[in-house]
Amino acid sequence: MSDAPRLRVAVRTLCDVTAREGDLDHRLTPSPSAREGLEGHREVARRRGAGYLAELPLAGEVAGLLVSGRADGFDPAANRLEEVKTHRGELSRLAANQRALHRAQLRSYGALLCAERGLDAVELVLVYLEVGSGRETRVSEQATASALMAELTERCVRYRDWAEREAHHRAARDAALEALAFPFDDFRPGQRPLAEACYRAAATGRVLLAQAPTGIGKTLGTLFPLLKAMPRHGLDRLAFLTMKTPGRRLALEALARLGAASPSGEGGMALRVLELTARDKACEYPGRACHGEACPLAAGFYDRLPAAREAAAERRWLDREALRALAAEHGVCPYYLGQEMARWSDVTVGDVNHWFDDHALLHGLARENGWRVGLLVDEAHNLVGRARDMYSVSLRQRDLARLRRTAPAVLKAPLGRLQRHWQALVREAGLGESGAPGRPAWRRLEVLPEGLPGVLQGLAGALTEALGERPELGVEWQELLFETLAFTRLAERFGDHSLCELTREGRGRARLALRNLIPADFLAPRFAAAHSTVLFSATLGPPDYQRDLLGLPADSVWREMPSPFAADQLELRIRADLSTRLRDREASLSPIGEAIAAQYARRPGLYLAFFSSFAYLEAAFVRFTATHPGIPAWAQHRGMAEAERDAFLARFTEDGRGIGFAVLGGAFGEGIDLPGERLVGAFVATLGLPPADPVNEVLKARLQARFGRGDEYAYRVPGLVKVVQAAGRVIRGPEDRGTLLLLDDRFAHPEVRRQLPGWWGEPAIEPAPAG
């Protein structure tokens with residue numbers, strides 16, 4: 001008996017590499033969601049009746065490769081093998097390279113089936129199911145076993161050289177990671193226990209919640225142990241997921257420090273590192289459609305891709321600049337080259353949406369290939385908010401009305417039906433214009449408006465047709481299609497995790513939204529799909545909040561790392577005679593200004609003053625600059641451009657002086673580093689509590705009903721997370737000394753103080769309690 005083949009490949013991967021040719025073609029033919037695709041496959045199986053074998057596993061050794069996969073369906077009585085593909089809109093618009101890929105997959109499954117069952121021939125059927133109408137289009141052919149096996153053998157021979165190199169790469173990668181050493185003589189205080197906890201999470205396949213303070217080197221302290229775990233615990237891929245671009249830069253710097261291939265492509269260990277960049281930032285021809293007739297990088301893309309893929313695999317270090325250079329060298333699109341290399345890279349650095357949103361690339365690849373994936377999620381305290389955004393969508397009446405005025409004839413009718421639906425909905429809801437006395441401008445809808453999903457599906461079909469015929473219609477129409485599809489998909493999963501709301505912002509300006517409140521229902525399957533996950537942040541507690549809101553497994557582990565800082569580095573004071581509650585804000589402006597000025601007089605330098613809203617910030621700034629014109633001051637404003645944000649931060653120099661007024665939870669409340677004399681103190685004039693508006697009150701009720709902790713989860717935890725993040729700007733290193741002045745009497749309450757970092761020590765409460 002021969003030894004088992006050492007090289008394995010899924011049918012899908014084999015055909016992706018060997019069967020694609022010609023142009024990249026991403027004309028607007030929106031694909032169904034994963035959920036819709038799954039339902040479509042089930043519907044086809046239901047239609048076939050008894051004896052039909054759905055999801056039939058097939059495998060066989062071909063040319064030294066173990067080829068495996070699941071055929072969508074086989075009817076033994078009819079000797080018919082089916083491959084089911086779901087689509088939207090007219091099938092005629094499906095790109096030629098996609099059709100070729102589908103046929104190659106079906107014929108590969110046919111070869112495996114004939115070999116396994118001893119068949120001489122088989123009928124092969126591509127079944128295209130249009131998800132909107134449920135209509136099937138069948139493309140049938142008869143094929144002999146010998147012809148199918150010859151074709152599969154030729155594919156495997158072509159793929160085997162790449163597979164052998166990939167196997168050598170995996171062996172070299174694992175050997176390099178086994179020998180990987182920490183790049184410094186010792187760990188920072190708190191960094192070793194973080195690294196040990198991360199390694200244990202990877203070893204046991206668990207989720208770790210790691211609250212790790214600023215300054216211990218979280219990026220390196222999480223990457224190093226996960227890289228060490230890859231060969232020892234069979235991890236195929238590692239994904240470092242971030243909330244913002246600076247997090248990606250820090251991860252890439254840490255990987256370079258650990259010895260990954262240098263940005264020049266020379267040296268470094270055998271580790272492929274990929275930075276995933278948003279499409280709009282990677283596109284070389286913005287405004288052009290992604291197909292060969294519009295973009296020169298799309299024309300012949302799949303013909304040039306093999307050489308570009310090999311060069312990228314050899315280069316190994318694939319950050320944004322390296323990908324762009326390689327793409328230019330081979331005449332391919334850098335964005336889609338990056339998407340291709342996500343399949344072949346060991347470590348991927350990118351936004352959290354690549355694993356957690358509805359169309360996540362990395363999650364899809366992991367499921368398709370059966371990868372064991374380790375996830376690292378940086379600044380994970382933001383994941384609840386980001387996930388809520390991922391699974392929320394809104395439609396605006398004014399946008400629909402404006403587009404209808406210039407709509408082509410084919411879209412007039414479906415837009416008109418939706419417009420009439422809007423008008424009836426607003427009338428029935430009894431909404432007044434925003435601010436109008438006596439009539440509410442916002443209403444929660446207990447159930448989805450009757451008939452709306454059908455109207456939206458009709459519009460989505462018409463938009464798909466129109467954009468296929470006239471791609472020049474432009475971005476606004478594409479965005480409307482994506483929003484319409486997102487609304488219909490989320491409507492299918494509507495439940496107590498989300499809120500349907502109708503808001504009237506003026507005449508003809510209603511907004512209908514599905515707003516996610518509890519992302520756990522959507523995220524739990526994503527955590528289950530990863531081998532292990534490390535969620536880390538300086539402000540991740542309380543652990544129950546994250547477990548409940550994110551849908552983490554019951555065996556998730558919580559660890560709080562010791563701080564490298566000491567209480568004597570931070571002068572902590574609480575003004576217990578001040579209230580920043582809404583009713584007291586006008587009265588608070590002068591005493592807050594006096595407190596800021598008094599501290600500045602004690603220690604002139606650079607400070608940040610944080611307020612709960614722009615309105616509060618603006619009022620405090622106007623009062624302060626009027627009463628203390630001698631103290632330099634500058635303020636954040638709504639909608640700051642990137643250059644304006646840079647100018648705001650540029651004033652924080654080693655020898656600078658003054659007060660920067662900022663909004664809590666905004667661009668300057670986290671993710672900025674102002675060590676030493678660049679920031680000597682901060683004032684926080686708020687508990688950061690979200691406003692007690694109708695939406696947050698519904699959120700509170702839902703959280704109370706599900707978890708029994710409505711007020712805590714809706715208001716107190718999110719508010720104090722923002723406070724601690726903002727305060728964390730003050731002490732950034734072991735030599736820093738600074739002042740933190742908390743300007744609200746509620747900070748003196750024991751239940752609030754218990755949620756502040758322990759290393760801050762006991763605060764000085766002013767004025768001191770009597771007696």
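A residue counts as buried when its relative accessible area is under 20%, and by that criterion 53% of the 771 residues of the chain in this predicted model are buried.

**View 1. Overall dimensions of the predicted chain.** The C-alpha trace spans about 95 × 70 × 50 Å along its principal axes. For 771 residues a compact globule would have a radius of gyration near 28 Å, and the 29 Å computed for the chain therefore agrees with that expectation.

**View 2. Secondary structure and contacts along the chain.** The chain holds 26 helices and 25 strands.

**View 3. Geometry of the pair formed by helices α14 and α20.** Helix α14, which covers residues 383-390, packs with helix α20, which covers residues 543-550, at an angle of about 15°, and their axes are 10 Å apart. Because angles under 35 degrees count as roughly parallel, α14 and α20 are roughly parallel to each other. The crossing of these two helices, α14 and α20, is left-handed.

**View 4. Residues that bring α14 and α20 into contact.** On the α14 side the contact is made by L383, V384 and R388, which meet Y545, Q546, L549 and L550 on the α20 side.

Note on methods. Residues numbered from 1 in each chain as written. Predicted model: local features only at pLDDT ≥ 70, side-chain atom pairs only at ≥ 80, totals over all residues. Heavy atoms only, no water. Axes fitted to C-alpha atoms, helices over the stretch in contact; angles between N-to-C directions. Helix = DSSP H or I, 4+ residues; strand = E, 2+ residues; numbered from the N terminus. Parallel < 35°, antiparallel > 145°, perpendicular 65-115°, else oblique. Left-handed = near helix turned anticlockwise from the far one by under 90°. Contact = heavy atoms within 4.5 Å. Rg over C-alpha atoms; globule rule 2.2 N^0.38 Å. Buried < 20%, exposed > 50% of the residue type's maximum accessible area, 1.4 Å probe, protein only.
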